[in-house]
Structures are given as C-alpha cells and as structure tokens.
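Here's a quick tour for anyone meeting this structure for the first time. Have a look at it, then read on.

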Amino acid sequence: MRYCNLGEAADSLVKGNVVAFPTETVYGLGADADNYQAISKVYSIKNRPSNHPVIVHLLDGDDVLYWADSIPIEAYLLIENFWPGPLTILLKKSKNVMELVSGGQDTIGLRCPSHNVAQNLLREFVRLKPSKCGGLIAPSANKFGKVSPTNAKHVFDEFSSESCFDIMILDGGKSTIGIESTIIDLSSIVNRGAHPTLLRPGFIKSSQIEEILGRKVFLPTDHSPVVPGSLRAHYSTNTPLEIIKEDIDFYDTRYLNKKIAVLSCDSPPIILPSCFVWFEMSFEHDLYASKLYSTLREIDVSHFDKIFVYNLPDCSEWDAIRDRLYRAAAAFI
Ligand code: TXA
Ligand code: MG
C-alpha cells in the first residue's frame, strides 16, 4: 500500500489496479468499471458480498448514455442541477454494465463527483483509455459495513494490513461533505410509472430534489432493492455506540472506571466527571456531517468503552446524519 500522484493513479487504474481517491463526500476505492478483475479486487479488499452493487463515477453527464437505458427526463433535470456533486442517480442499466457492477440488479448507480482531484483523475483516466470513454467504480474505501474514510490517512489505516493487493492512495486532502452521496432511484419511472425514491439521504436533501422535479420524492418500500447502505446495521464503529434521548446522569455509578465519548451539538456541562470525554460537534447539520466520520474514527483508535450520541435534532435536515448514526447503533443492539 502506497501513496501516488495523479498520473500514476490514472495509469494504474487503466492497467487494472485499485486506487483509493478523494471525492467531496468520502474516499472511494476505485477501479475501472469495465475491468472484471479490477472490480473483483475491490470486492475482495472490502470483503463486500458480490450481490451488493457499486456506483460508477463519471466525468460528466454525457457519459450516462453508455451506462443507462430508458433515461427519464427527471434524470436530465437532476444532472443539470446537481452534477458534478454528491448525488447518485439509479437508472435502468444498459448492456454495457457488468453483472458484478450492478450486483445482479437491473439498475446502475451513476454519480459525477465534484472534487477537483476526482475530476482530474477521471479526465486523465478517460484520456489514457484506448476507448476514450469509461468510468470508475468506487465504493467507500472501508471494510464492508464500517465507517467511511474522509481523508487519505483513514484509508491507509483501514487497509495497511492488507498484503495481497497493491493498493495505491491518491491524497486529495479532507472530504469536505463527510458523508456519502444522496441516492435517488429513478429506474422505474419510465416503464412502471413508479415515483422517484430516496434510497439514501445525504447532503442533497429530498426537498431540493422535489423542487427541481416538481414532484414528490418517496421513501423506499419493501419492494425497493436491498442494498448494503440500507441494511439495518451499517457504518459501524468498533466502539459500541448508543443514541441517548433522555438526559445522561453523569454521576451514575455504572460509568465509574469507564471511558465514555459523548458526541453532542452542544458545549459540555461546566463540571463533567473524568470518565467522560466531550466531542462538541455543531448545531449546523452540514458541519456536523463533515466532522462525523473523522470524530468516530478518532474515538475508535483512542480505546473508549462506549460512545453516547446525545441531543441529536429530529428535523428533516438531519435525516442523513440520523440515518448513519442509527445504523451504526443498530450493530450493538
Ligand atoms: O458518496 C458516495 O456515494 C461514495 C463515494 C466514494 O462516491 N461511494 C459510496 O459507495 O458510498 P458505497 O458502495 O459505499 O455505497 C453505495 C451504496 C450501496 O449501499 C450500494 O448497495 C448502493 O449504493 N447501490 C449502488 N448501486 C446500486 C444499484 N444499482 N441498486 C441499488 N443500490 C445500489
Ligand atoms: Mg460504503
């Protein structure tokens, strides 16, 4: 595992190797979306079950035609308004999409990242490809079910013990958004007349999508595709995490001799027993999101016994943060 520059990263990807690269949401574990062996390596490094589809990252909206069929007008509207940016659009897949990419589904998730380094990497990758077109699969660069990385060191720490594959890392600084892209499913709009469905909340809110489409966005039903990001337990820390709705009794004897991290929007109480370490996040949801995974990773390496998530607001702007934290907590119920 080693750091590389952009030229090496693009060259390596064209040759079928795996390169972790930055996006504005989180770091992705990239591979050529047309190369079966390269994609298999990513599944294997992540320990990801092969029936869980991956997102294809594109340089721009024009490339959608290669990967998707029956593209509805709604897709073009969202592309025009939100790409490049943190929005993944699910469409009916074209015959060019390998089974391993779509995990056996008849759909394909497409996203055009806005991060400067991701854009430059995609541009150089496409330039070096003999076909002059292509995309990169890039699931979050973490072991399956774990917290996503938001800087290059997180990726290094996650995979530094891997010996079987030569993974490269392209360092592009911190991922500023800090949580994964919003996923909107438009795949059944054309033939089956279904509604746009929000499969994963993110930085781009349902209300923003509704405003552009002029129609309502629905939440998934039991018939929606089952995907890892929608598993009840996901995004899990190594340290047990619990969401606390009532006030914490900081003097409860159960906490004696324990080391407990408290994540809160608020500042700490004036007097706090020494078994608690307070992580003041933010009352601003985007700022909270941008700090969330790096804070959880910091706690995980600092040998805490427990994480309490305290005072989490319940308004809709906080949907994406609540989604990640409730799934993280579900791993410990
Ligand atoms: O922000 C992001 O989307 C990041 C960065 C690296 O781009 N990527 C990311 O990928 O979060 P991943 O694989 O960790 O999460 C993608 C989610 C998974 O839950 C996957 O199952 C779902 O999207 N997904 C991808 N393609 C799908 C498809 N065709 N149908 C249903 N779900 C799909
Ligand atoms: Mg992931």
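Let's start with α11, which gives the most to the lining of the largest pocket, with five residues. This is a predicted model, where local features need pLDDT of at least 70, side-chain atom pairs count only at pLDDT 80 or more, and totals for chains, interfaces and linings use all residues. Residues are numbered from 1 along each chain as its sequence is written, chains are lettered from A and ligands numbered from 1 in the order written, and side-chain values use heavy atoms, leaving out hydrogens and water.

**The pocket**
- The largest pocket has a volume of about 440 Å³.
- Its lining takes in 23 residues, and L198, P201, S206, L219 and D319 lie nearest the centre.
- β11 (197-200), α9 and α11 (319-330) each put in at least two lining residues.
- By class, the lining of the largest pocket has nine nonpolar, six polar and eight charged residues (Ala, Val, Leu, Ile, Met, Phe, Trp, Tyr, Cys and Pro count as nonpolar, Asp, Glu, Lys and Arg as charged, and the others, Gly among them, as polar).

**Two helices packing**
- Helix α4 (residues 73-82) packs against helix α9 (residues 206-213) at about 120°, with the axes 10 Å apart.
- α4 and α9 are therefore oblique to each other (under 35 degrees counts as roughly parallel, over 145 as roughly antiparallel, 65 to 115 as roughly perpendicular, and the rest as oblique).
- On the α4 side, the contact (heavy atoms within 4.5 Å) uses E74, L77, L78, N81 and F82, while α9 brings Q208, I209, I212 and L213.
- Those contact residues of α4 and α9 split into six nonpolar, two polar and one charged.

Conventions:
Axes fitted to C-alpha atoms, helices over the stretch in contact; angles between N-to-C directions. Helix = DSSP H or I, 4+ residues; strand = E, 2+ residues; numbered from the N terminus. 1 Å grid on protein atoms, 1.4 Å probe; cavity = no way out; pocket = protein on both sides within 12 Å on 5 of 7 lines; lining within 4 Å. Points joined across faces, edges and corners; volume = space filled by probe spheres on them.
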